[in-house]
Amino acid sequence: MTLAVPPGATLGVLGGGQLGRMFVHAAQRMGYFTAVLDPDPDSPAGRVAHHHIRTAYLDDHGLAQVMQQCEAITTEFENVPAEALRALAARRVVAPGADSVRVCQDRVLEKAHFARCDVPCAPHAVITARNDLGTLDPALFPGILKTSRLGYDGKGQAPVRDVAELAAAWAEMGELACVLEKRLPLAFEISVIVGRGASGELVHFPPQQNLHRDGILAVTQVPAPQVSPALARQAVHAAERIAASLGHVGVLCVEFFVLDDGSLVANEMAPRPHNSGHYTIDACDESQFDLQVRTLVGAPLVAPRLHSAAVMLNLLGDLWLGSGDPPWEAVLALPGARLHLYGKPQARPGRKMGHLTLTAERFDDALARALEAAALLGLAAF
Ligand code: ADP
Ligand code: MG
């Protein structure tokens, strides 16, 4: 029996960033042609795909070209309008589907979905009108105001200590629909990546432990050093319930907080591969992007195996802003170092330019080499 979308077909991805680029690499390796929709002529994925359709995501002409060129279509970011996915899905294989993306792109719907799945999330209130500011539970302070949509890497967020600061921050955000979340005492953060096929089969990667700096992922470690087997099971089951009850098809990442008392709280989710899963390219026999291809083309899903311990360091634009290139020669001399650069022509502070994965048989060795790499690059120790 052949696959629903066999090799030789063209797979499309909406969005031309690094996630699209790594999807394209995985798809091409499996014998697919690829097309990327992104207006930027220098987009990381557009530059490596067979076809680059350079229009905005809502451009009817661009979407018509995607439909014409591609047998199956996925997305690399969750802010693609659900209607666009729905229109494509009427004629083509599309994963993830519009319903799943609609929930993941909106913090209010996302939190309601966690609650439906019996997965705790941070105490919060929805703020859509000035009146909402007067009726808040004081226990939500100190809190974090987050726009309901379009936030990423800590953008669209403001810490607020009281109602006055909240009112100012909300005005600053243009009175957009927001969520006020209680600031929780985090012991550490983890995420779980699952893949779900069209017939409901589920596979997962082991939970990874994530360190954020300034709201941006800085370091991912796996196996997660502070996660007990029981906590890992709990997080994986929660992520699987969340994916299944969304009817999600594709890859899904759920970010969790682990609180000082050991309890697990869902933070947010992404209906696609995630920055915290980039290590899977080098440390697993099947990466999160391979899994995205499999779920899209209807291939069997096989439990991925972590064959190496890994520590991933995000490489932000700040690294290029000093004098000259980062010291690649010294970094690449470290055993198990795998450098991934996304081909972005312009470095900016906080911009994700690439990542470095250090793999080893033993976690302690991967960690020691990652600390050496961080020192060479001038990154803070962890
Ligand atoms: P983004 O969409 O930018 O990733 P997140 O909601 O994941 O936004 O927040 C980014 C980071 O900020 C989190 O990974 C965590 O470190 C911190 N953070 C967010 N919400 C809370 C909270 N309620 N309590 C404590 N820390 C938080
Ligand atoms: Mg996040």
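**Notes on the predicted model**

1. Arg338 is partly exposed, with a relative accessibility of 44%. This is a predicted model, and the remarks that follow should be read with that in mind. Arg338 forms a salt bridge with Asp282, the closest N and O atoms of the pair being 2.8 Å apart. The bridge links distant parts of the chain, since Arg338 belongs to strand E17 (residues 337-341) while Asp282 sits in helix H8 (residues 280-283), the two being 56 residues apart.

2. Glu175 lies in the loop between helix H6 (163-172) and strand E9 (178-182), and Arg130 in the loop between strand E6 (124-127) and strand E7 (143-147), so the pair ties together parts that are 45 residues apart in sequence. Glu175 is partly exposed at a relative accessible area of 39%, and Arg130 is likewise partly exposed at 48%.

3. How many salt bridges does the count come to? The total is 13 salt bridges. Another of them joins the side chains of Arg47 and Asp42, with an N to O distance of 3.3 Å, and Asp42 is partly exposed at 33% relative accessibility.

4. Cys178 is in no disulfide, the nearest cysteine sulfur being that of Cys121, 16 Å away, and Cys178 is buried with a relative accessible area of 1%. For Cys253, the closest cysteine sulfur belongs to Cys104 and lies 10 Å away, which is too far for a bond. Cys253 is also buried, at 1% relative accessibility.

5. Leu166, Ala169 and Trp170 are buried in H6, and, seen down the helix axis, the buried residues fall within an arc of 100 degrees, so they line one face of the helix. An α-helix has 3.6 residues a turn, so residues three or four places apart point the same way. On the other side of H6, Ala164 and Glu172 are exposed. The buried residues of H6 pack against E6, E7, strand E8 (157-160) and E9.

6. The two ends of H6 deserve a separate remark. At the start of the helix, a side-chain oxygen of Asp162 comes to within 3.3 Å of the backbone nitrogen of Ala164. Just after H6, Gly174 adopts a positive phi of about 80 degrees.

7. Strand E7, one of the elements against which the buried residues of H6 pack, is itself mostly covered, with five of its five residues buried. Gly143, Leu145 and Thr147 point one way from the strand, whereas Ile144 and Lys146 point the other way, and all are buried. In a regular strand the side chains alternate between the two faces of the sheet.

8. Which strands pair with E7, and in what sense? E7 and E8 pair in the antiparallel sense over four bridges, and five bridges join E7 to E9, which also run antiparallel. Leu145 can be followed in both directions, as its bridge partner in E8 is Ala158 and the residue opposite Leu145 in E9 is Leu180.

9. Is Ser308 buried or exposed? Ser308 is buried, with a relative accessible area of 15%, and it lies in the loop between helix H9 (288-297) and strand E16 (309-316). A polar contact of 3.0 Å joins the side chains of Ser308 and His307. Leaving aside neighbours within four places in sequence, Ser308 is in contact with Ala283, Thr359 and Ala360.

Technical notes. Residues are numbered from 1 along each chain as its sequence is written. Chains are lettered from A and ligands numbered from 1 in the order in which they are written. This is a predicted model: local features need pLDDT of at least 70, side-chain atom pairs count only at pLDDT 80 or more; totals for chains, interfaces and linings use all residues. Side-chain values use heavy atoms; hydrogens and water are left out. A salt bridge is a side-chain nitrogen of Lys or Arg within 4 Å of a carboxyl oxygen of Asp or Glu. Buried means under 20% relative accessible area, exposed over 50%, partly exposed in between (1.4 Å probe, protein chains only). A disulfide is a pair of cysteine sulfur atoms within 2.5 Å. The arc is that of the directions from the helix axis to the C-beta atoms. Contact means heavy atoms within 4.5 Å. A polar contact is a pair of N or O atoms within 3.5 Å; within protein, one must be able to donate a hydrogen and the other to accept it, and residues adjacent in sequence count only if both atoms are side-chain atoms. Two strands pair if DSSP finds at least two bridges between them.
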